[in-house]
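Here are a few friendly notes to read alongside the model. Take your time and look up each spot as you go.

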Amino acid sequence: MSEAIATGIRVQNYINGRWVESTSSEWRDVINPATAETIAQTPLTTAVEVVAAIEAADTAFRAWRCTPPEDRIQPLFKLKQLLEDHVDELGRIITQENGKTFAEGKGELRRAIENVEVACGIPMMMQGYNLEDVARGLDEMMIRQPLGVVAAITPSNFPGMIPFWFLPYAIATGNTFILKPSERVPLTMKRVFELLDQTGLPKGVVNLVNGGKVVVDALLDHPKVRAISFVGSTPIAKYVYARAGANGKRAQCQGGAKNHVIVLPDADMKMATQIINDSAFGCAGQRCLAVSVAVTIGEAQKSFRDSITEAAASLRVGNGLEEGVQMGPLITPESKSRVESLIGIGEREGAKVLLDGRNAKILKHESGNFVKPTILDEVPASSELADTEIFGPVLSLVHARDMNEALAFLERSKYGNQASLFTSSGAAARQFRYEAPAGNIGINIGVAAPMAYFPFSGWKDSFFGDMHGQGRDSIEFYTDKKVVIERWGDLHSRKF
Ligand code: NAD
């Protein structure tokens with residue numbers, strides 16, 4: 001039995017300040033991807049139960065929206081401390097249900113905590129603006145008001161961080177909140193909501209509903225849910241965005257990715273190799289900001305190819321809870337076979353397999369979903385692999401003559417989540433920053449994940465919506481603007 005998770009847990013929902021067992025007859029096993037051990041069961045909650053959560057959140061909204069912002073952030077200060085106190089425990093749960101290493105699990109929690117910290121600034125950030133005397137005796141102001149019940153639907157690859165792109169901002173701005181985490185990884189949020197329960201938040205302000213499509217559709221269709229945040233694969237992001245829009249809801253939907261890095265010959269090759277190695281293979285390539293195509297220019301073709309192949313080959317793959325392990329397994333057996341099959345397609349279409357991670361054997365973890373780091377060279381632009389989000393530890397290498405030819409690879413991609421450049425030239429960096437068609441740009445950075453006070457700015461098929469998660473965008477997203485014009489008489493003609 002694992003340290004942080006007792007096997008046999010039946011995950012409950014947290015609705016209206018109480019833990020309740022779902023009445024659903026459909027339950028899913030939660031499986032440790034490194035050991036294939038079943039560690040819990042999670043319900044595919046029914047639509048009727050989702051409505052109960054929405055009603056609870058709607059009732060709670062009436063008092064919560066009148067609670068002064070200064071009072072609304074007090075539970076967040078408590079939450080920050082509780083998260084700090086439980087980082088190790090939560091990090092272990094993340095590793096056990098998602099597979100990433102303990103260090104990576106703790107790393108994502110730091111990003112979660114950062115969002116809580118930033119949302120504590122709501123009394124300043126939520127302010128509107130005003131102007132006296134827009135006409136004689138008339139004053140005008142813009143005030144921000146919360147929307148009501150809002151919901152977030154989150155993916156399996158960051159069970160601890162991604163819900164925090166939304167939850168702290170939603171409630172600090174005065175909304176009430178429903179979270180539907182990925183049914184593959186419900187245990188991290190189960191523990192987080194146990195901590196939220198200790199913060200003194202009024203009942204119904206935060207709610208946790210576990211499940212799949214039925215829960216998502218119930219949230220999308222209910223008139224009392226005003227806004228939907230989604231993070232996951234592009235086809236589902238498009239679906240959620242369209243259905244939310246058809247139902248008149250505000251939506252921000254983050255989708256999949258295929259991130260390119262350009263390596264110029266003047267880059268510090270040692271640093272570039274180390275950083276790109278972590279970006280491509282960290283979290284077993286299951287990061288939406290993972291670099292998955294490296295475009296080398298000039299002499300970088302050979303120097304980078306040799307150094308990255310050596311670095312990737314030396315990564316220690318295994319159970320993320322074991323000391324010294326640098327890369328864990330993929331999330332499911334289906335992901336493993338999908339990634340292995342894509343490598344096979346790339347090979348058949350002409351790519352050279354420099355490092356082959358298929359058929360990985362990890363001692364004492366024969367049932368885990370392991371694929372070792374894989375590097376494919378000279379991937380033809382026409383290959384299915386060139387356009388497909390692999391979402392695994394696979395780095396494709398392609399070559400370009402110059403920056404313009406390299407940027408053309410990025411232009412062709414339907415995704416625009418992140419693009420990176422490694423160089424020591426300011427002029428090249430400026431051209432890249434100016435022209436690269438992606439929302440998050442890294443210059444000598446491998447995972448250009450915006451800090452909580454900046455928006456997570458995906459473009460193209462990596463994002464559907466106008467206002468991104470995090471930063472000032474989240475204030476825009478979670479509030480309605482109201483403009484008031486007031487006449488209280490002309491001071492000069494009044495006698496007191
Ligand atoms: P996913 O699309 O399978 O699932 C995401 C969420 O959608 C889950 O909560 C799931 O229950 C729900 N869902 C799944 N099928 C659904 C359906 N048919 N109808 C309604 N809801 C449905 O994604 P995943 O495998 O959990 O996560 C990996 C994907 O997420 C990758 O594509 C990755 O690039 C993307 N991602 C993007 C970002 C970003 O910031 N753009 C961040 C993290 C992950």
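1. Ala, Val, Leu, Ile, Met, Phe, Trp, Tyr, Cys and Pro count as nonpolar, Asp, Glu, Lys and Arg as charged, and the others, Gly among them, as polar. With that sorting, the shell around the ligand in this predicted model holds 13 nonpolar, 11 polar and five charged residues.

2. How many residues surround the ligand? There are 29, and the closest are E183, S233, Q254, G255 and E389.

3. Now look at some polar atoms. In Q254, a polar side-chain atom is 2.6 Å from an oxygen atom of the ligand. E389 has a side-chain N or O atom 2.6 Å from a ligand oxygen. G232 takes part through its backbone, where a polar atom lies 3.3 Å from an oxygen atom of the ligand. On its own, the ligand has 840 Å² of accessible area, and the protein covers 89% of that.

4. Where does the ligand sit? You will find it in the largest pocket. Elements giving two or more residues to its shell are α9 (213-221), β11 (225-231) and α10 (234-246).

5. Finally, check the domains: domain 1 (9-255 + 462-483) and domain 2 (259-443) each supply at least three residues to the shell around the ligand.

Note on methods. Residues are numbered from 1 along each chain as its sequence is written. This is a predicted model: local features need pLDDT of at least 70, side-chain atom pairs count only at pLDDT 80 or more; totals for chains, interfaces and linings use all residues. Side-chain values use heavy atoms; hydrogens and water are left out. A residue is near a molecule or strand if one of its heavy atoms lies within 4 Å of it. A polar contact is a pair of N or O atoms within 3.5 Å; within protein, one must be able to donate a hydrogen and the other to accept it, and residues adjacent in sequence count only if both atoms are side-chain atoms. Accessible areas come from the Shrake-Rupley method with a 1.4 Å probe; for residues, only the protein chains shown count as cover. On a 1 Å grid over the protein atoms alone, a cavity is a set of points where a 1.4 Å probe fits but cannot get out, and a pocket is an open set with protein on both sides within 12 Å along at least five of seven lines; lining residues have an atom within 4 Å of a point. A molecule sits in a cavity or pocket if more than half of its atoms lie within 2 Å of its grid points. Helices (H or I, at least four residues) and strands (E, at least two) are DSSP runs, numbered from the N terminus. Domain bounds come from an automatic or database domain assignment.
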